[in-house]
Amino acid sequence: MIHVVTAANKHLYERELQAQFRIRHDVYVGERGWKALARADGLERDQFDNDDATYVLSIEGDRVIGGSRLVSTTRPNLLSEDFPHLAAIGGVPCDSAIFEWTRIFVIKERREGRNAGRAAGAVMCGILEFSLAEGIEALSAVMETWWLPRFHDMGWTVKPLGLPELIDGEWTIAAVMPITRRMLETTRAFHNIDAPVLVRRGPEQPAITEVWA
Ligand code: COA
């Protein structure tokens, strides 16, 4: 199942959060070779891993097998701080109903190649279920362009914010993806997921804390 972890309930997930940061280090530094993220403690954490972050963690038994991170675009985020030039046409989103989506991962043995990985699909369904429940209207992301056909196959609408750029040898684009209930249905269907995946434990806090006048 996919667990939602925020500042309000993180005391219930200390072990799983540590596991997530360790796996992220293995995946992003070890496997993907993103050396700038390397840390001596072997835990991959950046300046956006703070109390503004919401994590969705895929937990099986006592094991974290996947996860991802959401941060409101009203807070500092990867696009606004590190890659604003990728949004040169559409502008960097700053809207309480748009959340930036980063750091999706699935442990290696649970990836499923071209068979529409169910573990990765569950993380994405968890993000959509959470977003629909919290009134989040769109996700923004800095992504490699190999994601685009997958989003297309899942029935997502992708609105680019600028032109792709070659970053560290990978074509990379910033985009916004509006969230609809239909999109959750098509994402579930694509991954053969037929029931909700989200679990919420402990105190909850609303994802959207500011309402613009
Ligand atoms: N470069 C290019 N294409 C990639 C890719 C990469 N680094 N990673 C995945 N893909 C594409 C490929 O088309 C792949 O199919 P193939 O292996 O048959 O070529 C397809 O996506 C499925 O990838 P796979 O990893 O087997 O499937 P999955 O759906 O189970 O998991 C991820 C997808 C992204 C969760 C998983 O690949 C992962 O955890 N990767 C490491 C973390 C990462 O790079 N996250 C994205 C950036 S934050």
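In strand β5, L139 is the bridge partner of F99. This is a predicted model, in which local features need pLDDT of at least 70 and side-chain atom pairs count only at pLDDT 80 or more, while totals for chains, interfaces and linings use all residues. Residues are numbered from 1 along each chain as its sequence is written, and side-chain values use heavy atoms, leaving out hydrogens and water.

Let's start at strand β4, which covers residues 98-106.

How many residues of strand β4 are buried? Nine of the nine are, so β4 is largely enclosed by the rest of the structure. (Buried means under 20% relative accessible area, exposed over 50% and partly exposed in between, with a 1.4 Å probe and protein chains only.)

Now let's turn to the aromatic rings. The whole structure holds eight aromatic pairs. (Rings of Phe, Tyr and Trp, the last by its six-membered ring, pair with centres within 6.5 Å; planes under 30 degrees apart are stacked, over 60 edge-to-face and the rest tilted.) In one of them, Y28 and W34, the ring centres are 5.2 Å apart and the planes meet at 15 degrees, so this pair is stacked. Y28 has 5% relative accessibility and therefore counts as buried, whereas W34, at 28%, counts as partly exposed.

W101 and W156 make another aromatic pair, this time a tilted one, with 5.7 Å from centre to centre and 40 degrees between the planes. This pair links distant parts of the chain: W101 sits in β4 and W156 in the loop between α4 and β6 (159-160), 55 residues apart. W101 has 6% relative accessibility, so this residue counts as buried; W156, also at 6%, is buried as well. Both tryptophans belong to one aromatic cluster, together with W146, W147 and F151.

Helix α3, residues 118-134, and helix α4 have axes that come within 14 Å and cross at roughly 70 degrees. (Axes are lines fitted to C-alpha atoms, for helices over the stretch in contact; angles run from 0 to 180 degrees between N-to-C directions.) α3 is therefore roughly perpendicular to α4. (Under 35 degrees counts as roughly parallel, over 145 as roughly antiparallel, 65 to 115 as roughly perpendicular and the rest as oblique.) A120, G121 and M124 of α3 make the contact with W147, R150 and M154 of α4. (Contact means heavy atoms within 4.5 Å.)

What about α4, residues 147-154, and helix α5, residues 181-191? Their axes come within 8 Å and cross at roughly 105 degrees, so these helices too are roughly perpendicular. From α4, R150, D153 and M154 meet M183, T186, T187, F190 and H191 of α5.

In α5, the buried residues are M183, L184, T186, T187, R188 and H191, and they pack against α3, α4 and β8 (170-178). Just after this helix comes N192, with a positive phi of about 60 degrees.

Definitions and conventions:
Helix = DSSP H or I, 4+ residues; strand = E, 2+ residues; numbered from the N terminus. Pairing = 2+ DSSP bridges.
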